[in-house]
Amino acid sequence: MSNIIDFLAHMGASATLRTSGKADLASELAASDVEPALAAAILAGDEATLRDRLAPGKFFGIQLDEVPEEEDDGDEESSVRFARRA
Amino acid sequence: MTETTRGSLACVGLGMTLGSHLTPLARSHIESADVVFVAVSDGLVEQWVRQMHADVRSLQGFYADDKPRRATYRDMVDAMLAEVRAGRNVCGVFYGHPGVFAQAPHEAIARAREEGYTARMEPGVSSEDCLYADLGVDPGRVGCQHFEATQFMLNRRTVDPSAWLVLWQVGIAGDLSGGRFETDASRLAVLVEVLARHYPVTHEVVVYRAATLPFQEPRIERLSLADLPRVALGMSDTLAIPPSRALEPDPTVRERLAALGIRT
């Protein structure tokens, strides 16, 4: 687990790996101790395989709500409350 | 309570792409906290955060299909504040920028401060920042309006078609329940009707999604406005609409300014 996450973090911070071609990426992966199947997924841009193996399940990315006023439960929208506090 | 009590809250942004955007200050907040709460949109990114601290608690468990999102955000705030009140230094980690399209960080910080605790927010690289880079848009050139998609549909906003228009959370556009995490063709058709008040349906629009993993490319899908209901949209997708008309000069103001001449 840590090997693949470490590699992704390394890749994310490397201008070379983020901008060079797949040959450089393949070379770097081969030199790492990332499991071959996961290395192949990275080279193929197969994010689904990585997530299925390492972080399965649904991840929610919505963090702001817009409930219509008529269905509101009495709370003001947070930005309004925030502005009033400021 | 007038004195700041022990216990603190820092809400930090991770940026959008694993490994690429985390600031040194945000990392320091994470590593020096007593407990870390994390709310990110990608399980691999969450695993990355888990490597930075021994006590990382996911806020994903507060979400559920058909559970009102507002209740989820309240639960997130309550979880973080409970640890602050227990005297711990808490770090809330959110993807992108913790203060952009994110309800819980603003609310948690406001409540913590009201209760006398030290609370701060540290910015992160947001999806908006990535959009500017990936689409080659400079909001300073002709301007850029931003709205939450459902709010845009439910209210008559003043749209300036000579500026960019960006609609966030278009992947849940038209949700009146507050508990859905998807949209559908019929709701998107309504959005197209609203946008057609301001743009020709043949106008090109862009579906955009920032890369969350470093080997991904951003989603940049160009299509006509009329075709929007036919594309699959996810929670992380955004709709960017280029200007459809040129800036309209104001001759009166121009003449007034010209009459003032050049002053040094």
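This is a short tour of a predicted model, stop by stop. Local features need pLDDT of at least 70 and side-chain atom pairs pLDDT 80 or more, while totals for chains, interfaces and linings use all residues. Residues are numbered from 1 along each chain as its sequence is written, chains are lettered from A and ligands numbered from 1 in the order written, and side-chain values use heavy atoms, without hydrogens and water.

**Stop 1: the chain crossing**

Select A:F60 and B:Y63. Their rings form a stacked aromatic pair, 4.9 Å centre to centre with 10° between the planes. (Rings of Phe, Tyr and Trp, the last by its six-membered ring, pair if their centres lie within 6.5 Å; planes under 30 degrees apart are stacked, over 60 edge-to-face, the rest tilted.) The pair crosses between chains. A:F60 sits in the loop between α5 (47-54) and α6 (78-85) of chain A. B:Y63 sits in the loop between β3 (56-58) and α3 (69-85) of chain B. (Helices, H or I with at least four residues, and strands, E with at least two, are DSSP runs numbered from the N terminus.)

Buried or exposed? A:F60 is buried at 7% relative accessible area, and B:Y63 is buried at 5%. (Buried is under 20%, exposed over 50%, partly exposed in between, with a 1.4 Å probe and protein chains only.)

With A:F60 and B:Y63, B:F181 forms one aromatic cluster. Then show B:R69, which lies over the face of B:F181, 5.7 Å from the ring centre. (For this, NZ of Lys or CZ of Arg must be within 6 Å of the ring centre and within 35 degrees of the ring normal.)

**Stop 2: a tilted pair**

Over all chains, the structure holds 5 aromatic pairs. Another of them joins B:F147 and B:F152: tilted, 5.6 Å centre to centre, 35° between the planes. B:F147 is buried at 9%, and B:F152 is buried at 2%.

**Stop 3: B:R50**

Select B:R50 in helix α2 (residues 43-50) of chain B. B:R50 is partly exposed, at 35% relative accessible area. Beyond its neighbours within four places in sequence, B:R50 is in contact with B:V56 and B:S58. (Contact means heavy atoms within 4.5 Å.) B:F37 is 13 residues from B:R50 along the chain, and their C-alpha atoms are 9.9 Å apart.

**Stop 4: the cavity lining**

Finally, select B:L14, B:G15, B:M16, B:V40, B:S41, B:D42, B:V45, B:Y95 and B:T212, which line the largest cavity. (On a 1 Å grid over the protein atoms alone, a cavity is a set of points where a 1.4 Å probe fits but cannot get out; lining residues have an atom within 4 Å of a point.)

Terms used: On a 1 Å grid over the protein atoms alone, a cavity is a set of points where a 1.4 Å probe fits but cannot get out, and a pocket is an open set with protein on both sides within 12 Å along at least five of seven lines; lining residues have an atom within 4 Å of a point.
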